[in-house]
Amino acid sequence: DAEKGDAESMFIIGNFLAQPGKQQDLEKAFQFLEGAALQEHRHAQYMCGGARAEGLGCDQDYQKAREWWEKAAEKGDADAMFNLGSMHVKGELGLPDVGAATKWWTDSFLAGRDEAGFAVAHL
């Protein structure tokens with residue numbers, strides 16, 4: 001139960017509140033997702049990274065986005081790995097870092113995201 005701090009319930013409610021429609025409330029969505037993410041919920045960590053990168057329901061903060069995506073990536077999340085590679089190639093964490101982008105995109109490809117292989121090939 002989300003009110004009792006159950007990570008999966010918090011994720012489900014946060015995800016629901018993040019969707020377009022009358023129920024959409026990005027600030028509440030982020031609160032629920034962050035609660036689940038702090039309990040090591042991989043998908044919530046991924047979504048918190050996206051919210052932080054875009055400033056959806058929270059302040060935009062690339063460093064915090066990176067931290068959330070790294071936590072999800074440690075759990076094998078190929079999309080988080082892909083996004084980390086994109087951050088590095090775009091220079092969202094400082095100067096562009098092709099080496100770091102290549103590492104993350106390669107890891108993402110090996111974890112099952114085919115698009116990452118194309119990204120590496122086009123560096």
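In this predicted model, a pocket is an open set of grid points with protein on both sides within 12 Å along at least five of seven lines.

Q: How much space lies in the largest pocket?
A: Start with who lines it: Ala18, Leu26, Ala29, Phe30, Leu33, Met47, Gly50, Ala51, Glu54 and Leu56. The space in this largest pocket comes to about 160 Å³.

Q: Which helices each supply at least two residues of the lining of the largest pocket?
A: By class, that lining splits into eight nonpolar, one polar and one charged residues. Among the lining residues are Leu26, Phe30, Met47 and Glu54. The helices that each supply at least two of the lining residues are α2 (26–37) and α3 (42–54).

Q: Are α3 and α4 roughly parallel or roughly antiparallel to each other?
A: Helix α3 packs on α4 (residues 62–74) at about 160°, with the axes 8 Å apart. Angles over 145 degrees count as roughly antiparallel. So the pair α3 and α4 is roughly antiparallel.

Q: Is the crossing of α3 and α4 left-handed or right-handed?
A: On the α3 side, the contact includes Arg42, Tyr46 and Arg52, and on the α4 side Lys64, Trp68 and Trp69. That contact has eight nonpolar, three polar and four charged residues. As for the crossing of these two helices, it is left-handed.

Q: How many charged residues has the contact of α5 with α6?
A: Helices α5 (residues 78–90) and α6 (residues 98–110) pack at about 160°, and α5 passes α6 in a left-handed crossing. Among the residues making the contact are Met81 and Phe82 of α5 and Trp104, Trp105 and Asp107 of α6. Next to nine nonpolar and four polar residues, the charged count is one.

Methods. Residues are numbered from 1 along each chain as its sequence is written. This is a predicted model: local features need pLDDT of at least 70, side-chain atom pairs count only at pLDDT 80 or more; totals for chains, interfaces and linings use all residues. Side-chain values use heavy atoms; hydrogens and water are left out. Axes are lines fitted to C-alpha atoms, for helices over the stretch in contact, and angles run from 0 to 180 degrees between N-to-C directions. Helices (H or I, at least four residues) and strands (E, at least two) are DSSP runs, numbered from the N terminus. A crossing is left-handed if the near helix is turned anticlockwise from the far one by less than a right angle, and right-handed if clockwise. Contact means heavy atoms within 4.5 Å. Ala, Val, Leu, Ile, Met, Phe, Trp, Tyr, Cys and Pro count as nonpolar, Asp, Glu, Lys and Arg as charged, and the others, Gly among them, as polar. On a 1 Å grid over the protein atoms alone, a cavity is a set of points where a 1.4 Å probe fits but cannot get out, and a pocket is an open set with protein on both sides within 12 Å along at least five of seven lines; lining residues have an atom within 4 Å of a point. Grid points are joined across faces, edges and corners, and a volume is the space filled by probe spheres set on the points. Angles under 35 degrees count as roughly parallel, over 145 as roughly antiparallel, 65 to 115 as roughly perpendicular and the rest as oblique.
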